[in-house]
Structures are given as structure tokens and as C-alpha cells.
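Here are my notes on this model, point by point. Please keep the structure open while you read.

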Amino acid sequence: MSKRKRDEQPSSDRREFTNPYPLFDANSASSVLKDDMLSESFRKSVGDSVASLIGQLEAGLRRECDETDQSVYTGVTGVSLLYLHLYRKLRREEYLGKSLEFVKRPLRHLKGRRVTFMCGDGGPLAVGAVLYHLMNQPSQVRDCVKKLEGLHRMVLDSALPDELLYGRVGYLYALLFLQKNLGEGYINPDLIDKVCQRILDSGQRLAREERSASPLMFEWHEKKYIGAAHGMAGILALLLQVNCPAVTKSLQSLIKPTVDYILALHFPSGNFPSSLGNQTDRLVHWCHGAPGVIHMLLQAYKVFDEEQYLNAALCCGDVIWQRGLLRKGYGLCHGTAGNGYAFVALYQATKDPKQLYRACKFAEWCMDYGKHGCRVADRPYSLMEGLAGTIYFLSDLLSPSQSRFPGLYTT
């Protein structure tokens, strides 16, 4: 949607709140930053908010916890991943035990239908393996790794899509998650290479069928999505982090021109369409729009060292600042916390305190959880839609140089 049409919308139809925070300058930044780092008072505010929100989360989970949803995305494994994250950030042993409790049932009841980290058996197996590794239970680690690697036949041989939530890249992330957290020797690098090659082959085949100007093309449910959750930006953001022969040989011939193809799709606002052919400039979510595409652009900047990718990412940051306080809620997938991660990623790439300031202001919004009249998520305590994801973001912001959007980054 054009800016003119968007401005004509009644305020009640807008998907975002008007950003109430002042633009970055020395005076406005002093509320959250000192010497271009988080101030002690702001760190304390975040820490207090995390503690309070954990209390709300635990009370909510005691009232209503659907243990049949075993996914990282909306289920109990996502809560397990949050507690693993909190253990690493806050170094409290009790969180390690809670993490294991939430993943035990999924590990006993693997469904064998989906393979990915976010929405399939890959999530419980990867999280479980890391927990058992931290608890020095090597036989349990090996069992989880064996079962995860055993899922590769579905990935290589089936008509699986390629996207992050339900597809091959989601399985690839589970492998990379274990490679990162367990170290070398647990995951066969040849398997990672085969999965990457399968993704690239799939992208080339669809591009040929569609006679696309892009050398790679991907679709999910017959739509060619652009964003991080189901689309090309999420696939490329992950591939750009992988060091294997299939990716290395394809960087210049396949991956870079596909990034350039997506880059050319941007709206004048700096936002990106949700799918090919959709000219509506409305969605500013991690799943659809600039908050997801920005991660692909910053990975491309890191790999190819071309300013065009950083400049486009900075434009994404501007539109997120303007339109990223979402009425949909405070979550990661389509909420303000997920949008806040865009500024964290920009800060890591640029070291510009303006980006850290913006991340802090989005965090302040999330710290007032439930006070803005946002929509209540369908799974209000989950990682990707609900309160668990908000806590993940806030606790991650305490060490902004090491913050990473869950399920998307391998380093």
C-alpha cells in the first residue's frame, strides 16, 4: 500500500501504534545509555521486568499449558528453549532443570511428521541434546543426535518445502544449533552439505520452472513469500551463515543474485512485500516484511562487504522505528519484541548507539507488557507468539553484542 493510502486509513485500522519515543540524541539517549552502552539503571529496569514477567509466565503456564503442542514455535519446547536461554544469561541452575522438565514429554512423544527446529521433532531433539550435554549425560546426547540425523531422509527425499518453519532450512537450523552448542564431532558435516545442496537444487528447479529472473526461487503453499518465516529472506539468511562446499561454490552464482533480486523489491518506505506480486505495504513483522528481511541483508553485508546491503538494512530500521510497535502484541514472530531484534542486529553491524537506543525503546514498550491494548496472542505464553518470546528478547538485550534472534542465527 502506498504511503498516501496508508495515511488515509482510520487510526483504528492501523496495524501499529504511533511511536511515542523521541528521536535519538544525547539527551533522549541518556535515559537508557551511558557512554554508548546500556546504563546501569536501564539494565536494572530490564532485569526487574524479566523477573516480573517470568512470574507472570509461570503463573500462566500453571493455569493453562497445552502439553500436546510440542513445538518450539508455540509449544512447550519453546518454553524449554527460553529457560535454557535464561540459564545461560542469568546463570541460575534452577532454569536448567526447568528447561529439561519442559522438553521431557516432547522427547518421549516424537511425532515423526515434521522435521524442523521451530515446528517439528528437530526442536525437541536439538534442545534436548544441548541440555543433556550441559548435564553431562553423553548417552542421552548421542541418542538425540542419532534421531535428529535420522530425519534427513525426509529432508532429502520428500517433497518438503524449503522455508524456515516447516521446511528444509528449519531442519538445517537444528543441525547447526547442535554444531554450535556441542562443538565439532557431533554432527556430520557431509549431512549439512547435502541438506544445503538439496535446498539450492530445489530453488534452482523452481526458478527454471517459473522462468524467474532470480536464479533461486522458493514457495510455500504455492505462494512465493519474501519474509523470514516462510520466505526467501529466511532461507538466504541461514544459508549465508553456513560454511560448507555447497554454499561456498554458490555464493556468487546463485545466492548473491537472489539477494539482489529481493533487494530490488523494496517499497519506497524501506519495507518489503510479504510475497511476490503483493504490492500492499502493510506488514512490518519478523515473519513478513522488513523486520525479517533485515537479517538477510545484514548477513549479505557481512559476507559480501557491499554497502548497498547495509544501506537497505538501515532503511528497514527506519521503517521499523516508525511502524514497528505492533497492535498484534509483544511477541517475536509478529510482535514488537521480534521487531526490536532488528535494531539489535543493526547495532551489532554498525556499533551505532542510535540503533541500541532504538532497541532499548522497543524493550521499554515490551516491559509495559499488556498495558497498550494490544491483541492477546492465541498462545499467550509461547515463544514465538507470546510472553516467553518477550522475555527472551528482554533478557537477550542485557548483552546486546551477543543477542541473536532464536531459530535464525547459528553464531
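1. Start with helix H17, residues 353-367. A helix here is a DSSP run of H or I with at least four residues, a strand is a run of E with at least two, and both are numbered from the N terminus. The expected span is 1.5 Å times one less than the number of residues. H17 has 15 residues, so it should span 21 Å; its end C-alpha atoms are 20 Å apart, which agrees.

2. A word on the source. This is a predicted model, in which local features need pLDDT of at least 70 and side-chain atom pairs count only at pLDDT 80 or more, while totals for chains, interfaces and linings use all residues. Residues are numbered from 1 along each chain as its sequence is written, and side-chain values use heavy atoms, with hydrogens and water left out.

3. Is H17 mostly covered or mostly open? It is mostly covered: 13 of its 15 residues are buried. Buried means under 20% relative accessible area, exposed means over 50%, and partly exposed lies in between (1.4 Å probe, protein chains only). Look also at the N-terminal end of H17, which Asp352 caps. A side-chain oxygen of Asp352 lies 2.9 Å from the backbone nitrogen of Lys354. For such polar contacts, the pair of N or O atoms must be within 3.5 Å; within protein, one atom must be able to donate a hydrogen and the other to accept it, and residues adjacent in sequence count only if both atoms are side-chain atoms.

4. Compare helix H9, residues 168-182. Its 15 residues should span 21 Å at 1.5 Å a residue, and the end C-alpha atoms are 21 Å apart, which agrees. H9 is mostly covered, with 13 of its 15 residues buried. Just after H9 comes Gly183, with a positive phi of about 95°.

5. Now the empty space. Rolling a probe the size of a water molecule over the atoms shows where empty space is left. The structure holds two cavities of 30 Å³ or more. A cavity is a set of points, on a 1 Å grid over the protein atoms alone, where a 1.4 Å probe fits but cannot get out; lining residues have an atom within 4 Å of a point. Points are joined across faces, edges and corners, and the volume is the space filled by probe spheres set on them.

6. Take the second largest cavity, with about 30 Å³ of space. Which helix gives the most to its lining? Helix H16 (residues 336-350) does, with four residues. The lining includes His295, Tyr341, Arg404 and Tyr409. By class it has five nonpolar, three polar and one charged residues. Here Ala, Val, Leu, Ile, Met, Phe, Trp, Tyr, Cys and Pro count as nonpolar, Asp, Glu, Lys and Arg as charged, and the others, Gly among them, as polar.

7. How many disulfides does a search of the whole structure find? It finds zero. Cys196 is in no disulfide: the nearest cysteine sulfur, that of Cys244, is 3.8 Å away. The cut-off for a disulfide is a pair of cysteine sulfur atoms within 2.5 Å. Cys196 is buried because its relative accessibility is 0%. Cys244 is buried too, with a relative accessible area of 5%.

8. Helix H6 (residues 122-134) holds Leu131. Leu131 counts as buried, at 0% relative accessibility, and Gly128 counts as buried at 0%.

9. Arg323 lies in helix H15 (residues 307-323). Is Arg323 buried or exposed? It is buried, because its relative accessible area is 5%. A polar atom of its side chain lies 3.0 Å from the backbone oxygen of Asp281.

10. Last, check two loop residues. Asp35 is in the loop between strand S1 (33-34) and strand S2 (37-38). Its phi is near 55°, a positive value in a residue other than glycine. Asp35 is exposed, with a relative accessible area of 65%. Arg91 is in the loop between helix H4 (76-90) and helix H5 (93-108). Arg91 has a positive phi of about 55° although it is not a glycine. At 55% relative accessibility, Arg91 counts as exposed.

Methods:
1 Å grid on protein atoms, 1.4 Å probe; cavity = no way out; pocket = protein on both sides within 12 Å on 5 of 7 lines; lining within 4 Å.
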